[in-house]
Amino acid sequence: MRFSDEPMLNPIPANVIINKVITGWGATYAEIKAKRHSIILLPHKSQIANKHLKHYEEDFTQEVTEAVTVEKLKKYIKSHKSKYMKFLSTPEGLGKVIKALKDCDYDVFNQVFVLCDESHKVTTDVGYRVNISSFADNFFQFKNKAMISATPFRPSHPKLTEQGFQMIKVDHIRDIKKQIKLKCVNNLGAAFKEYIEQYDGEMLFVFFNSLNGIKALIDNNNLIEECNIYCSEDGVKDFKLKGVSNAYSKIDTTNLAKINFLTSSFYNGLDIEGFEQMPDVLLLTDLSVADHTMLDPNTDVYQILGRFRQPKDSKETKDRLRTATHILNNKRNAVVKLEDNALSALGYSYMGYKALNDLQQTVTNQVAIDIYEEGKKRLLPYANLLNTREELDPFKLDNYLYSWRLKQCYGHPIALPLAYEFSGLFDVQEEHKEYLPEEFETISKTMNRYSTTNIKWCCAQIISNHFVSDEDGRNNIRKELKARFPLIFEAEEKLSMVTIQELGYKKSAIERALLKYNIEHGLVHHGLVDAVGRLFKVGISYPTAEVKVKLQKVYDEFGIKKTAKSTDIETYFRIEPFTGHVELKKKELASLDDSTHDKSIFTDADGTKKRSVRMYRIMERKLKRSSINSTREQPYLKS
């Protein structure tokens, strides 16, 4: 179904997925103003804060974040009188709102309209926000509901078909194409330095989804005095640990800097407006820094450029920005898998999962039951795509396939330019530049939460907290520290503070010691998965000789009487064998003479002596490592 008359979608109809095509169309605004009780689901707390600040006085909005309890929501509900209730919540918070309304005797599923705004984010974010799709069970119980986005996906959830959802695309008279320059380079740090040195604008917004990357660019270019950083609340705390005070989790457009760095919390649904300067926008992608710096032209890039809004009384329909540039370091390409191969890998892991599940039903010994249960949870990718009922989650399946499609945009130097062209959303000016090695700028990873310095700091805080006299204060400090440093708290409990100190406050040593403890105490039954998984990184290539050395070290450490073979790695990873070239080490060069006749040794165009060797590129994990370094899998919103 298509609409060309925009006012026809006000109010928003029920059981539809709306492709509004352009950002800033006013759909969220229209629902806030609609004469009905509404729950508006927004993907990030920064967006909730942004919308709430604009509307809470006139439109009686209520933000629903982790800090808001059910009791506070009930007070809001009881105080609305003749006003329409407007809840602004993350998808994870929907259950909390429903409980509060039910406690206040509302027939929730019949009396309230639910709008899932920026609905594409449920699919794109569920890979790392494992609870974001949990809203679906409640969402589909509402009689009146809708999804909307300028860049929507058609989810595969069966309820959409069962309940007769229709796709609506809005046809706009205005031009929807955005102007952007795509610059492909061999070193992001050098390209950013050149951009900053030549920058002659009034205000710059830099979108880079890496705290390490942002910190390195700021340090390398001495920008700390003229920039602000906008990121998650956790990110703000990480920057404070590094002595950086100009990091914020909310945008105040009255306090912007000349250069403003933003992470993915600010890519979607946020209105950046209310300042006089005409901004420039710079987007950065570097897979050697982190895979999550990848930007999808069809969603991320289009959404980012749509953040910059014209004043409400302006007749100008284009985004309020001067220039937009996307710099890509294409020195390292993404691991690519076609959709058919991705589905095949999913099918094999499902068969393995089902076989273990069937065998689990045949044993009576609790240890055997636990071994099978742990094995099931490690089988990838299937185990990652399950909900809490151990059923396949349609949103997680969509995310799994989407992630491989996105990687195809970064699997070859020409792939991203083609993705921009095929999207039909941009007029692209393409540029390529090779920097000399002496111009390279290193993007160092100084924002590691578990750096030696941070672990020392955390341990000191834990010790000093023992002497806090106020019990509530002591418990609150411990709770906050544990949420940020779960690894250290487990190490304190199982190994002791003395052992952490003896291990030099090093994360890798602490992890190895914890793994041994867990194996010895029967808490982990497949410890080699964790030990081997820690040594190899997806997307990186290793000589087969190095693979054997690493594996043998693990075998020896755990007392396994076995001689390692390079092919043993295939138990843990999917690999791609190839012949590569490595630079000779000093000892090898010293041993060379005129009588050496090794056909594998050659001299490249730069005069560097190299050896041809058999290598494995690590393509994908087959088995999941256990991890206690993240709280992502904990319930997001509690009452």
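Trainee: At what angle do the axes of helix H13 and helix H15 cross?

Mentor: The model is predicted: local features need pLDDT of at least 70 and side-chain atom pairs count only at pLDDT 80 or more, while totals for chains, interfaces and linings use all residues. Residues are numbered from 1 along each chain as its sequence is written, and side-chain values use heavy atoms, with hydrogens and water left out. Helices (H or I, at least four residues) and strands (E, at least two) are DSSP runs numbered from the N terminus, and axes are lines fitted to C-alpha atoms, for helices over the stretch in contact, with angles from 0 to 180 degrees between N-to-C directions. The axes of H13 (residues 339-360) and H15 (residues 394-408) come within 10 Å and cross at roughly 140 degrees.

Trainee: How many nonpolar residues does the contact of H13 with H15 have?

Mentor: Contact means heavy atoms within 4.5 Å. From H13, Glu339, Ala342, Leu343, Ala345 and Leu346 meet Leu397, Tyr400, Leu401, Trp404, Arg405 and Gln408 of H15. Ala, Val, Leu, Ile, Met, Phe, Trp, Tyr, Cys and Pro count as nonpolar, Asp, Glu, Lys and Arg as charged, and the others, Gly among them, as polar. By class, the contact has two charged residues, one polar residue and, as nonpolar residues, eight.

Trainee: Which are the edge strands of the open sheet?

Mentor: The open sheet has eight strands in the order S12-S11-S13-S10-S14-S15-S9-S16, with parallel pairing. Two strands pair if DSSP finds at least two bridges between them. Each edge strand pairs on one side only, and these are strand S12 (247-248) and strand S16 (426-433).

Trainee: Which residue in S14 stands opposite Met203?

Mentor: Strand S10 (residues 203-207) pairs in the parallel sense with strand S13 (residues 259-262) over four bridges, where Val206 stands opposite Phe261. S10 also pairs in the parallel sense with S14, over five bridges. In S14, the residue opposite Met203 is Pro279.

Trainee: Which residue in S15 is the bridge partner of Leu284?

Mentor: S14 and strand S15 (residues 324-329) run parallel and are joined by six bridges. The partner of Leu284 in S15 is Ile327.

Trainee: How many residues of strand S14 are buried?

Mentor: Buried means under 20% relative accessible area, exposed over 50%, and partly exposed in between, with a 1.4 Å probe and protein chains only. Pro279, Val281, Leu283 and Thr285 point one way from S14, Asp280, Leu282, Leu284 and Asp286 the other way, and all are buried. For S14 (residues 279-286), the buried count is eight of eight.

Trainee: What is the relative accessibility of Glu118?

Mentor: Glu118 lies in the loop between strand S6 (113-117) and helix H6 (120-125). Its phi is near 50 degrees, a positive value in a residue other than glycine. Glu118 counts as buried because its relative accessibility is 4%.
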